[in-house]
Amino acid sequence: MNPEELRKIAITQKESNAQYKHQICVCTAAGCVSSGADKVKDALNAGVKKLGLESTVQVKGVGCMGPCSAGPLVRVKVRVESEGEILYKEVTPENATEILASLDTGKKIDKLEYNTDVPFFTRQKKVVLENAGYVDPDSFVDYIGHDGYEAMIKAYTEMAPQDVIEEVIKSGLRGRGGGGYPTGLKWSTVAKARGTRKFVICNADEGDPGAFMDRAVAESDPYRLLEGMAIAAYAIGADTGYIYLRAEYPLAVKRLRAAIRQAERHQTLGNGICGTTFNFRVEIRLGAGAFVCGEETALIASIEGNRGQPRPRPPYPAASGLWGFPTLINNVETLANIPYIVREGGDAYGSIGTEKSKGTKVFALAGKVENTGLIEVPMGTLLKEIIFDIGGGIPDGGKFKAVQTGGPSGGCIPDQFLDMPVDYESLAKAGSIMGSGGMIVMDDTSSMVDIAKFFMEFCMTESCGKCVPCRVGTVQMHNLLEKIANNEATEDDLALLQELCDMVKNTSLCGLGQTAPNPVVSTLRYFRDEYESRLVRKGDNGSKPQPEEVKA
Amino acid sequence: MQTEANKPAGAPPNDPRWKLLDAAMRRNGRKQNALIESLHAAQEAFGFLDEDSMRYVAANLRVPLSKVYGVATFYHFFTLKPQGEHSCVVCTGTACYIKGAPNLLASLEEHFGVTAGETSKDGKLSVLTARCFGCCGLAPAVVIDGDVSGKLTSAGLVEKIHECMKGEVAVP
């Protein structure tokens, strides 16, 4: 299918969408599906059929709309007099008749309405998620109808590979998987590397507990990810791509598999993409639940069918990656930014965000916060804006204590940093990392020693066992934390813990071990009193202090 | 044919599950790097990986059995023990942990006598934990027989599992 034909599809699709008088979008991402969105959609479809409204009302399944805790979400677009959108929350199948009846009168159903004129919606800026909640993730033509593949066509027909890389460099985009390595630089390194074949790998092994940005992109807008990969492949000269996807995300697996099939049928993947001579195939590789496979060399080992164990770098995958060939590894969110950058230009993207951290970032807001869900904000948004304005603050009158970013590799940020802009540098200064974008808010019922223990247990079980500092160090640290949590530790134990933090951080082979002490280090830095209050003082004759009320 | 010859002794000749596994391996061209994919297929077909299926995969992909065993035990997703009739996977991700996943596990142990990673003695219920389903907005979340339920209390979870087990009796 050549660019002309694709454009024709886009026009027909837009026209056929405009035919309908009303449009009802039901969120069918995993969050809403688990609250029963499928049944709501079925009930709406049945209602439309019963009332004979097939020609005027369109019921459409779409991707994630953001506020997952208020699901199932339904957005109604009424084109009666003025164009307007109404968002309904916690919709049940029984509400279907009511919603359909309200269409012609244009009247809102007050009890279901979710007010969208609140900071949760108005403060966001959508780039990666621009289609999420609007496009039908199961439909190729609907993606085309939302200007999909425009960026890819532009890249393939108007730009040389080097131009594409230039735009990415200009955009200032940095890797969204955690490290924050400049994406353009990575691309040009792989493009320059010599090899008879090259590969693109999309890292969709979102192992951080409490992060679900990549899942949302893969479920809500799978074609965008494929488009981003196809552009990357063109820029670096790769012929095959792999998506390393978590097996724990069955819906994302299903949608991406279907998307690959559809894209191949429409020749936006495969041989001779869009009438050009460029070939690019994409395969899905399922992860099997190993956190360490987020590390790039371990991920490559896993795709090759081995245990996911990392190897020392250099050589970096950009020089010698999958089966020894130069390999580009980007995370889902990074690749989902690419269509926007190519379409709108690197400068347009670079105008969003701060000087060193450009663009937007998707965060998964969860924990003790009023509005949980998926948000996308410009880099540099203040932490308090995210938690109190967008997130709506702490529920049940609780008091903010800390926010955990970066998962098991990150740290806890206490309230003195609430005025801090959220970008790569500021987070690093506060002792945490951007990570993939999980943000877990904790109130004063959470014990920091417990949180540190929780993450250490995670790292202990997820350690691949290849290098000693990580394999043994994490176990020892976990034992010490357990001792502290049980009020059995002495000051010597605390000193030993700190020494181990240093040792594990500096001597581990890969990122997992190097960052495993972070939660301990950051909680020790800001909440040292919580550790010290649990120590057995010398001269106490072994009498234990009364255990504090511990609540997870 | 190689595949026929390597079919483990004792496997029913026309058990469709072996055919499923066989088809999955054929789809990947019986390439050695498709080991993890093949183990996924085997676990999907049989519910867990036993020695027979691992031997079968090893022979078909021409990889040493030791490597198959190594890979199968490395990844948490693979289980070498048969599962109960019903499964309850409790998310122990950070958001669920903060919102009370440990309490859910405690109540499961109290009511059904099953700890995480174990199956009840009557083989009715397996309790598992997962790192994160990515349903953090619904924390604490569990997956009961493949369906996610969120915002659960201990009592609510126990009731849901009872319901699920009853359903099994009513629909044979």
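The centres of domain 1 and domain 2 of chain B, taken over C-alpha atoms, are separated by 30 Å in this predicted model. Domain 1 of chain B covers 2-74, and domain 2 of chain B covers 86-170. Chain B also forms an interface with chain A, in which 32 residues of chain B are in contact with 52 residues of chain A.

**Extent of the interface**

- About 3,500 Å² is buried between chain A and chain B.
- Carbon and sulfur atoms give 59% of that buried area.

**Polar and charged pairs**

- Between chain A and chain B, 17 residue pairs are in polar contact, with both residues at pLDDT 80 or more.
- The count of salt bridges between chain A and chain B is one.
- The partners in this salt bridge are Glu462(A) and Arg131(B), and their closest N and O atoms lie 3.8 Å apart.

**The side of chain A that touches chain B**

- Helices that each supply at least two residues to this side of chain A are α2 (30-34), α13 (296-303) and α18 (448-462).
- The strands β7 (281-286), β9 (360-367) and β13 (438-443) of chain A likewise each supply at least two residues.
- α18(A) gives the most to this side, with eight residues.
- By class, the side of chain A that touches chain B has 25 nonpolar residues, 16 polar residues and 11 charged residues.

Terms used:
Residues are numbered from 1 along each chain as its sequence is written. Chains are lettered from A and ligands numbered from 1 in the order in which they are written. This is a predicted model: local features need pLDDT of at least 70, side-chain atom pairs count only at pLDDT 80 or more; totals for chains, interfaces and linings use all residues. Side-chain values use heavy atoms; hydrogens and water are left out. Contact means heavy atoms within 4.5 Å. Buried area is the accessible area (1.4 Å probe) that two parts lose on being put together, summed over both. A salt bridge is a side-chain nitrogen of Lys or Arg within 4 Å of a carboxyl oxygen of Asp or Glu. A polar contact is a pair of N or O atoms within 3.5 Å; within protein, one must be able to donate a hydrogen and the other to accept it, and residues adjacent in sequence count only if both atoms are side-chain atoms. Helices (H or I, at least four residues) and strands (E, at least two) are DSSP runs, numbered from the N terminus. Ala, Val, Leu, Ile, Met, Phe, Trp, Tyr, Cys and Pro count as nonpolar, Asp, Glu, Lys and Arg as charged, and the others, Gly among them, as polar. Domain bounds come from an automatic or database domain assignment.
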